[in-house]
Amino acid sequence: MRTTFCAAALAFSLWLTPLAQTGSQPGSGFTTVLSSAMRYTMNYEQRFALLAADEHYVQELMRPPNPGDNLSRSNPGGGMRAGGSMNMATIKSDYLLVQLGGDGEGFMPFRDSYEVRGRKLRDRDDRLLKLFTSGDKGRFEKAASISNDSAKHNLGNVARTINIPMLAMMFLHPRVNERFEFTDGGEETVAGRILRKAIYKEVARPTLIKTSRGRDLAMTGFIWIDPFSGTVVKTELNAADPIVRTQVIVTFRRDDALEMWVPEKMEEYYKAYSAVDDILATATYTNVRKILKSDISEK
């Protein structure tokens with residue numbers, strides 16, 4: 001069985017009608033930091049129409065040690081079968097985040113894989129970027145088809161649609177943050193920077209993501225915020241129920257050329273109840289560039 005995390009319509013358009021305020025009332029210092037981070041996320045999506053990057057995606061199936069399963073005549077006491085890597089794949093892709101429009105409509109992610117396990121799938125021609133910069137009327141449908149083909153190279157029995165670097169960061173956006181409860185996690189040093197950690201918990205129903213069986217899957221996690229600027233430096237997203245569980249951790253870096261913080265690394269963990277192996281994955285992002293609305297032609 002293949003388990004699926006279904007993000008809202010696959011798109012990263014999470015901006016819904018605001019619900020009643022459910023957030024906790026942290027101390028005034030934390031409230032100031034949180035408000036600054038909310039403004040940061042709102043401004044972030046206005047910085048570009050398209051954000052393109054080279055994605056280097058390493059996926060691995062890891063088998064945990066299994067005690068007592070190697071009983072034999074020569075080993076009557078059983079023992080611990082060694083776990084370890086069962087399968088590994090390196091996938092290189094063009095990655096694109098598309099701004100869906102004005103007024104906080106959010107992003108939609110697309111991947112176009114061009115190399116898998118060292119085997120070249122096609123010539124790189126920036127076809128995703130060309131679809132959107134040319135104003136092709138069928139660009140979203142064509143890009144979705146390309147992404148679906150790319151997803152076929154993923155390892156494991158979990159089809160994931162929430163491996164989006166900006167997903168947890170955008171829970172701070174004013175049009176969606178009232179679905180979450182935020183509490184103060186105190187200060188924490190990350191890569192030499194003293195950050196304020198926000199703990200979040202999704203409290204609204206229905207939830208933003210669901211399993212393939214339509215079950216609500218509430219998200220929890222952490223967001224590390226620069227207390228002076230509101231910049232989101234790191235995020236962690238957790239979702240679990242009796243059938244499946246996942247964790248996605250994203251770290252950001254300052255890109256001086258773009259004058260903004262961009263995704264640097266995304267680390268993922270998935271486990272389905274019916275699966276023996278754990279799924280581990282790490283995506284790194286380089287050659288990040290932004291395309292402005294003025295650079296896009298409309299046909």
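What does the protein chain average in pLDDT, and what share of the residues score at least 70? The average is 83, and 82% of the residues score at least 70; pLDDT is the predictor's confidence in each residue, from 0 to 100.

**Before you click**

This is a predicted model, where local features need pLDDT of at least 70, side-chain atom pairs count only at pLDDT 80 or more, and totals for chains, interfaces and linings use all residues. Residues are numbered from 1 along each chain as its sequence is written, and side-chain values use heavy atoms, with hydrogens and water left out.

**Stop 1**

Select residues 1–27, where the pLDDT is below 50. Beyond near neighbours in sequence, this stretch has 94 contacts in the model, a contact being heavy atoms within 4.5 Å. Then pick residues 76–81: pLDDT is below 50 here too, with 18 contacts beyond near neighbours in sequence.

**Stop 2: the whole chain**

Color by secondary structure and you'll find three helices and 16 strands. These are DSSP runs numbered from the N terminus: helices are H or I, at least four residues, and strands are E, at least two. Of the 299 residues, 49% count as buried; buried means under 20% relative accessible area, exposed over 50%, and partly exposed in between (1.4 Å probe, protein chains only).

**Stop 3: the cores**

Now show Phe171 and Leu237, which touch the most other members of the largest nonpolar core, a set of 65 residues. Such a core is made of buried Ala, Val, Leu, Ile, Met, Phe, Trp, Tyr and Cys residues joined through side-chain atoms within 4.5 Å. Helix H1 (residues 28–44) gives the most to this core, with seven residues. Around Leu237, look for its contacts, including Ile162, Phe171, Tyr200, Met219 and Val248. Another core, of 13 residues, lies apart from the largest one; Leu96, Val98, Leu131 and Ala143 are among them.

**Stop 4: Arg175**

Select Arg175, in the loop between strand S8 (158–159) and strand S9 (180–190). Arg175 counts as partly exposed because its relative accessibility is 32%.

**Stop 5: around S16**

Finish with strand S16 (residues 278–291), which runs antiparallel to strand S2 (residues 50–63) and is joined to S2 by twelve bridges. Strands pair if DSSP finds at least two bridges between them. Select Tyr57 and its bridge partner in S16, Ala283. Strand S15 (residues 260–272) is also antiparallel to S16, with six bridges; Tyr270 stands opposite Ile279 in S16. S15 and S16 form a hairpin with five residues between them.

Note on methods: Lists of a residue's contacts leave out its neighbours within four places in sequence.
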